[in-house]
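I opened the notebook to look up a few strands and helices. The entries follow the order in which I checked them.

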Amino acid sequence: MRLLKLVPDNTNLKFVSLRKWAFGLTILLSLAAVGLVFAKGLNMGVDFVGGVLIEERFATPPSIDAVRTEVDRLGVGEASIQSFADPTVLSIRLPILESTDEGATNALVKKVADDLAVKFPGATFSKYDTISGKVSDELISKGLLAVGLAILGIGLFAVVRFEWQFGVSTVVAIVHDLLMTLGFFALTQFEFDLNIVAAVLTIVSYSINDKIVIDDRIRENMRRYRKMDMREIIDLSVNETLPRTVMTSVTILLALFAMLILGGHVLRGFTAAMILGIVVGTYSSIYVSSSLLITLGLRAEPEGRKGDRDDAERVGPKAGR
């Protein structure tokens, strides 16, 4: 039985030749992502802003303005209403209650649900979440700390495992992946909650896995072909690891698209973040992290090794996988 190969043997794509265009595109997209975050902001979930989040299901797609008017009429605070991919389901976010008593929250939820059931026949209450302002502040700080420590640890590992250029390029690529994710959520206004923080950490894990595999092959080829130009070594290394990168990405994306289609609106934000992260992470592994090594001055023949034997010098187009 022949093995499935998404990438042919002896692939020899010239990735490095496009690095200046890739850097330009990367900078442009990163600035656009930062601009979107500042201009539109993130649609923070109740986990981060506190309050009461009510999910209401209607018999037919309602007018969001009509629902907002009805909720505002109840005098329970300014409501923020968002629709899901399913137009019959609305998310109604209300301000933090002064009272932390569970009975007060249940009374508020019942008041809103009963009123909407009368005003919109067939409307049914699905669920609600509530969190205090103090807890939401702690979640924000701990979420940022978790992501920051993950990036710092990854950078330190790359410096210790390889050389400082690998650490810098890896951190830059991961920051790029995170900016793309934040820009996507600012653009789409998907709810940004703890599930998305979990998705971000998963994206970081996937990205570092892909980058370390390529970096390890680059270092291996630097030792094997010490007289080869660095551009050729990077192209060779990326091409050698390309079948593994493509197969891994495709199989993960197949599972994620199934979750996106069948998982419902609860998993939609998480799954969308993961899909974007896989695509962006693969791009940054090839065009940002690897190509940045040249800009950072990494050389195939480090100082102090010039007198080493040259019997491993590359003399032909052979490349083991």
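I took buried to mean under 20% relative accessible area, exposed over 50% and partly exposed in between, with a 1.4 Å probe and protein chains only. Helices (H or I, at least four residues) and strands (E, at least two) are DSSP runs numbered from the N terminus.

The model is predicted, so I kept in mind that local features need pLDDT of at least 70, that side-chain atom pairs count only at pLDDT 80 or more, and that totals for chains, interfaces and linings use all residues. Residues are numbered from 1 along each chain as its sequence is written, and side-chain values use heavy atoms, leaving out hydrogens and water.

Entry: strand 2. I looked up residues 51-57 and found six of the seven buried. Strand 2 pairs with strand 4 (residues 89-94) in the antiparallel sense, over six bridges; pairing takes at least two DSSP bridges. For Glu-56, I noted Leu-90 in strand 4 as the bridge partner.

Entry: helix 1 and helix 6. I read an angle of about 45 degrees between helix 1 (residues 19-40) and helix 6 (residues 164-188), with the axes 8 Å apart. Helix 1 is therefore oblique to helix 6, oblique being whatever is left after under 35 degrees (roughly parallel), over 145 (roughly antiparallel) and 65 to 115 (roughly perpendicular).

Entry: Ser-30. I placed Ser-30 in helix 1. Ser-30 counts as buried because its relative accessibility is 14%. Leaving aside residues up to four places away in sequence, Ser-30 touches His-176, Leu-179 and Met-180, contact meaning heavy atoms within 4.5 Å.

Key: Axes are lines fitted to C-alpha atoms, for helices over the stretch in contact, and angles run from 0 to 180 degrees between N-to-C directions.
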